[in-house]
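This report describes a single protein model.

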Amino acid sequence: MKLANKVALITGAGSGMGRAGALLFALEGAKVAVVDIDQRAAAQTAREIETAGGKAIALGADVSKKEDARAMVAATVEKLGVPDIVYNNAGIEGESAFMAQLSEDAFDRVIAVNLRGVWLGMKYALPHMVKKGGGSIINTASIAGMVAIRGATAYCAAKAGVIALTRVAALEYGRYNIRVNCICPGTIDTPMVRRIHGAEGELPQRALGPSASVLGRAAEPEEIAKMALFLASDDASFATGAPFVVDGGWTVV
């Protein structure tokens with residue numbers, strides 16, 4: 001198992017990519033702190049892990065709030081041990097509007113969750129990881145941090161910021177044997193992406209065509225989880241400060 005005896009803290013793990021990551025990390029031997037703003041969803045993921053024979057705890061947290069971010073790290077340390085892996089995955093899509101029409105409150109909320117939340121997750125976990133002697137941090141960015149998307153002012157800005165935060169953290173903490181990388185997904189079949197496209201059944205063609213994926217399909221959350229597993233494990237022992245693009249070819253079009 002790639003993560004035997006490791007402790008992983010994963011935010012946004014009640015659904016989508018975070019849930020897939022939590023299940024896979026547990027399958028690979030990690031004890032998992034399952035964090036989500038929806039504590040019932042977090043509890044469901046934790047139950048699935050324990051039913052399969054793994055070890056997990058469920059924690060409710062709004063990652064944009066410093067008290068919650070501090071508490072989720074403290075609870076992980078107390079109940080499972082200092083995390084070897086921190087996967088800052090929680091995020092929201094926010095309001096879709098052209099720049100001049102976007103409300104200030106909507107902009108602030110997306111930045112608070114998608115950017116500040118990643119920073120707070122690192123801020124409160126890093127001191128513990130330094131004392132432990134190393135670890136791996138994985139941040140969920142997006143190809144939206146690399147290309148422009150109409151109506152996604154705050155989302156694009158936040159995800160570009162996550163890439164920058166990742167690079168700075170890697171530069172500052174490499175001396176402590178802490179690797180910091182981010183994943184830049186394209187179109188993934190998650191509840192959030194379905195909300196964006198108003199899809200209850202299959203995703204519409206606009207989410208699957210050449211402008212979104214040269215493979216002609218969306219990714220499954222498990223495909224992103226496999227990239228996260230690589231970055232969390234010793235397989236990625238020389239990878240740090242890098243955005244790992246998993247977008248089905250979106251950015252080559």
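In helix H2, the buried residues are Ala 41, Ala 42, Thr 45, Ala 46 and Ile 49. Buried means under 20% relative accessible area, exposed over 50%, and partly exposed in between (1.4 Å probe, protein chains only). Helices (H or I, at least four residues) and strands (E, at least two) are DSSP runs, numbered from the N terminus. Viewed down the axis of H2, these buried residues fall within an arc of 140°, so they line one face of the helix; the arc is that of the directions from the helix axis to the C-beta atoms. An α-helix has 3.6 residues a turn, so residues three or four places apart point the same way.

The model is predicted: local features need pLDDT of at least 70, side-chain atom pairs count only at pLDDT 80 or more, and totals for chains, interfaces and linings use all residues. Residues are numbered from 1 along each chain as its sequence is written, and side-chain values use heavy atoms, with hydrogens and water left out.

**Helix H2 and its surroundings**

H2 covers residues 39–51, 13 residues in total, and its first and last C-alpha atoms are 18 Å apart, close to the 18 Å expected at 1.5 Å a residue. The expected span is 1.5 Å times one less than the number of residues. The cover over the buried residues of H2 includes helix H1 (16–27), strand E2 (31–36) and strand E3 (56–60), where contact means heavy atoms within 4.5 Å. On the face turned away from the buried side, H2 carries the exposed residues Arg 40 and Thr 51.

At the N-terminal end, H2 is capped by Asp 38, which has a side-chain oxygen 3.1 Å from the backbone nitrogen of Arg 40. A polar contact is a pair of N or O atoms within 3.5 Å; within protein, one must be able to donate a hydrogen and the other to accept it, and residues adjacent in sequence count only if both atoms are side-chain atoms. Following H2 is Gly 53, with a positive phi near 100°.

Glu 48 also belongs to H2. Glu 48 counts as partly exposed, at 26% relative accessibility. Leaving aside residues up to four places away in sequence, Glu 48 touches Arg 19 and Leu 23. Its C-alpha atom is separated by 18 Å from that of Ile 37, 11 residues apart along the chain.

Ile 37 is also touched by Asp 62, as are Asp 68 and Arg 109, not counting residues up to four places away in sequence. Asp 62 sits in the loop between E3 and helix H3 (66–79), and is buried, with a relative accessible area of 10%.

**Helix H5 and the cysteines**

The 21 residues of H5 should span 30 Å at 1.5 Å a residue, and the end C-alpha atoms are 30 Å apart, which agrees. The buried residues of H5 include Tyr 155, Cys 156, Lys 159 and Thr 166.

How many disulfides does a search of the whole structure find? The search finds zero, a disulfide being a pair of cysteine sulfur atoms within 2.5 Å. The sulfur of Cys 156 is 12 Å from the closest cysteine sulfur, in Cys 184, too far for a bond. Cys 184 is likewise in no disulfide, and the nearest cysteine sulfur, that of Cys 182, lies 4.5 Å away. Cys 156 is buried at a relative accessible area of 14%, and Cys 184 is buried at 0%.

**The whole chain**

The protein has seven helices and seven strands, in the order β-α-β-α-β-α-β-α-β-α-β-α-α-β along the sequence. The radius of gyration is 17 Å, close to the 18 Å that the globule rule gives for 253 residues, so the protein is as compact as a globular protein of that length. This radius is taken over C-alpha atoms, and the globule rule is 2.2 Å times the number of residues to the power 0.38. The C-alpha trace spans about 45 × 35 × 35 Å along its principal axes.

Of the 253 residues, 52% count as buried. Among contacts with a separation of 6 or more, residues 24 or more positions apart account for 70%.
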